[in-house]
Amino acid sequence: MKHESPSHTLDLAIAASTFAALGSEQRLTVLRSLVRAGPEGLTIGALGERTGVSGSTLTHHMKILTQAGLVTQVRQGRQIICAAVAYGELRALSQFLLNECCADSDCPKDHDHD
């Protein structure tokens with residue numbers, strides 16, 4: 001039985017929390033749209049049009065994604081601009097899953113994950 005270090009457990013907790021924030025088709029759609037929009041982001045209205053999610057539902061999903069640190073919302077005049085900001089964290093989530101690939105297997109450990 002493997003014993004996990006406290007830092008590994010913290011990493012696991014952060015990963016679990018972030019994956020939970022992504023655990024909705026609508027939130028994934030919102031995040032993908034913001035990633036596609038690039039650093040300029042989208043107004044909340046444009047985001048709603050692109051995703052088909054609007055009103056209080058979009059506000060709810062943006063709150064969860066913001067709390068997870070994956071997106072930001074900034075008021076510019078009368079508009080709210082939403083943008084994906086956590087590209088490094090998204091890469092880290094992928095790496096979190098792949099770090100121990102085949103650790104308990106007889107398959108080659110040096111295969112590529114690209």
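**Exercise 1.** Determine whether Phe19 is buried, partly exposed or exposed, and name the helix in which Phe19 is placed.

*Solution.* The model is a predicted one.
Step 1: The relative accessibility of Phe19 is 32%.
Step 2: Buried requires a value under 20%, and exposed a value over 50%.
Step 3: Phe19 therefore counts as partly exposed, because its relative accessibility is 32%.
Step 4: The residue lies in helix H1, which covers residues 6–21.

**Exercise 2.** Classify Thr18 as buried or exposed, and state which residues Thr18 contacts beyond its neighbours within four places in sequence.

*Solution.* 
Step 1: Thr18 is located in helix H1.
Step 2: Because its relative accessible area is 9%, Thr18 is buried.
Step 3: With neighbours within four places in sequence set aside, Thr18 is in contact with Leu70 and Leu93.

**Exercise 3.** Describe the surroundings of Ala83 and classify this residue as buried or exposed.

*Solution.* 
Step 1: Ala83 belongs to strand S3, formed by residues 79–84.
Step 2: A relative accessible area of 7% is under the 20% limit, so Ala83 is buried.
Step 3: Residues up to four places away in sequence are not counted; Ala83 then touches Leu34, Pro39, Gly41, Leu70, Val71 and Thr72.
Step 4: One of these partners, Thr72, is eleven residues from Ala83 along the chain, and the two C-alpha atoms are separated by 5.4 Å.

**Exercise 4.** Characterise the packing of helices H2 and H3.

*Solution.* 
Step 1: Two packed helices are described by the angle and the distance between their axes.
Step 2: The axes of H2 (residues 25–37) and H3 (residues 44–51) come within 10 Å and cross at roughly 115 degrees.
Step 3: The crossing of H2 and H3 is right-handed.
Step 4: On the H2 side, Thr29, Val30, Ser33, Leu34 and Ala37 take part, meeting Leu47, Arg50 and Thr51 of H3.

**Exercise 5.** State how many helices and strands the protein has, and what percentage of its residues is buried.

*Solution.* 
Step 1: The protein has five helices and three strands.
Step 2: Along the sequence, these follow the pattern α-α-β-α-α-β-β-α.
Step 3: Of the 114 residues, 27% are buried.
Step 4: The protein exposes about 7900 Å², of which carbon and sulfur atoms supply 53%.

Definitions and conventions:
Residues are numbered from 1 along each chain as its sequence is written. This is a predicted model: local features need pLDDT of at least 70, side-chain atom pairs count only at pLDDT 80 or more; totals for chains, interfaces and linings use all residues. Side-chain values use heavy atoms; hydrogens and water are left out. Helices (H or I, at least four residues) and strands (E, at least two) are DSSP runs, numbered from the N terminus. Buried means under 20% relative accessible area, exposed over 50%, partly exposed in between (1.4 Å probe, protein chains only). Contact means heavy atoms within 4.5 Å. Axes are lines fitted to C-alpha atoms, for helices over the stretch in contact, and angles run from 0 to 180 degrees between N-to-C directions. A crossing is left-handed if the near helix is turned anticlockwise from the far one by less than a right angle, and right-handed if clockwise. Accessible areas come from the Shrake-Rupley method with a 1.4 Å probe; for residues, only the protein chains shown count as cover.
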